[in-house]
Amino acid sequence: MLKVDNLTFEVNEEGRKRCLVNHISFEVKDGEMLVITGPNGGGKSTLAKVLAGIEDANGGEIFLDEENITGYDIDHRANAGIGYAFQQPPRFKGMTVRRLLNLAAGRTLSESECCGFLSSVGLCAQEYIDREADATLSGGEMKRIEIATVLAKQHALCIFDEPEAGIDLWSFSMLIKKFEQIHKEKKESLILISHQERIIRMADRIMVISDGKIDRIG
C-alpha cells in the first residue's frame with residue numbers, strides 16, 4: 001500500500017517560490033488502480049516524479065507497505081517496489097532494447113520473455129529486440145518500449161504518466177488489456193495519469209489535481 005502524507009514540492013522561479021505539489025495526502029491500497037487526472041500544468045506529472053524519487057520533496061512523507069521511503073533516491077525506491085514510466089521516455093544511444101529489458105528486470109531474460117513483453121505493448125518483437133533505444137525510434141515506439149520495461153519486473157506500485165500519449169489506437173487497445181490483466185490479478189497497485197476516458201473508466205478511484213492540490217478524490 002502507498003501512503004502519501006502532506007507531500008509538498010516547491011521550485012524557485014525568478015526568486016519566488018512556487019508550490020507545484022501543495023500538501024497532498026492520499027492512499028493507494030494493494031491491488032488498487034488510481035487514475036489521476038486534471039488540467040494540464042496542475043501538478044500531476046510533478047507528483048509522479050516526486051513519488052518515484054526523480055524530484056525531492058520539500059516536505060511530507062511517503063510510505064510503501066509501511067516502509068518510510070521519503071529519503072530514498074530513485075534507485076532505492078525502484079528496489080523498494082516502485083516502477084515508473086515517463087510521459088516522455090529518455091533515450092539510450094548504444095543500448096539495445098534487449099539490454100534495456102534485462103536491466104529493468106534485474107536479470108537476464110530469455111528471448112521469448114523479451115518478445116512477450118514487447119508484444120504486450122504492440123511491437124513486433126523481432127524487429128525491435130536488437131535495435132538501439134535511441135533517436136532512430138519514434139516517440140511512440142520509445143513510449144511502448146519503456147512501458148515494456150516497467151512490465152518486465154513485478155512491483156508493489158507502478159506509475160504510468162499518460163501511457164496513451166503518442167501511440168496508435170491498436171497499441172492503445174493492447175495496453176488497456178494489459179492494464180486490465182494487471183488490475184484483475186491484484187498483484188500490483190497502479191497509478192495512471194491520464195485524460196483518456198477508457199483509462200478513467202477502469203479506475204477504482206479517480207483523483208483530480210488542480211493548481212498542485214487535490215480538487216477531489218473518490
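User: At what angle do helix 3 and helix 6 pack?

Analyst: The model is predicted. Two packed helices are described by the angle between their axes and the distance between the axes. For helix 3 and helix 6 the axes are 8 Å apart, and the angle is about 35 degrees.

User: Which residues of helix 3 and helix 6 make the contact, and what is the hand of the crossing?

Analyst: Helix 3 contributes Val97, Leu100, Leu101 and Ala104, while helix 6 contributes Ile145, Ala148 and Thr149. The crossing of helix 3 and helix 6 is right-handed.

User: How many residues of helix 6 are buried?

Analyst: Helix 6 spans residues 139-151, which is 13 residues, and reaches 19 Å from its first C-alpha to its last, close to the 18 Å expected. Helix 6 is mostly covered, the buried count being 12 of its 13 residues.

User: What covers the buried residues of helix 4?

Analyst: Helix 4 runs over residues 111-120, and its buried residues are Cys114, Cys115, Phe117, Leu118 and Ser120. After helix 4 comes Gly122, with a positive phi near 85 degrees. The cover over the buried residues includes helix 3 (97-105), helix 5 (125-128), helix 6 and helix 7 (169-185).

User: How many disulfides are there, and how far from Cys158 is the nearest cysteine sulfur?

Analyst: A disulfide needs two cysteine sulfur atoms within 2.5 Å, and the count comes to 0 disulfides. Cys158 is in no disulfide, and the nearest cysteine sulfur, at Cys114, is 18 Å away.

User: Is Cys158 buried or exposed?

Analyst: Buried means under 20% relative accessible area. Cys19 has a relative accessible area of 26%, so Cys19 is partly exposed. Cys158 has a relative accessible area of 0%, so Cys158 is buried.

User: Which strands stand at the edges of the open sheet of 4 strands?

Analyst: The strand order is 2-1-4-5, with antiparallel pairing. An edge strand here has a single partner strand, so one side is left without a neighbour in the sheet. The edges are strand 2 (16-28) and strand 5 (67-68).

User: Which residue of strand 4 stands opposite Lys3, and which helix lies across strand 1, strand 2 and strand 4?

Analyst: Strand 1 (residues 2-13) and strand 4 (residues 59-64) pair in the antiparallel sense over 5 bridges. In strand 4, the residue opposite Lys3 is Phe63. Running at about 115 degrees to strand 1, the helix across these strands is helix 1 (residues 44-52).

Methods: Residues numbered from 1 in each chain as written. Predicted model: local features only at pLDDT ≥ 70, side-chain atom pairs only at ≥ 80, totals over all residues. Heavy atoms only, no water. Helix = DSSP H or I, 4+ residues; strand = E, 2+ residues; numbered from the N terminus. Expected span 1.5 Å × (residues − 1). Buried < 20%, exposed > 50% of the residue type's maximum accessible area, 1.4 Å probe, protein only. Pairing = 2+ DSSP bridges. Contact = heavy atoms within 4.5 Å. Axes fitted to C-alpha atoms, helices over the stretch in contact; angles between N-to-C directions. Left-handed = near helix turned anticlockwise from the far one by under 90°.
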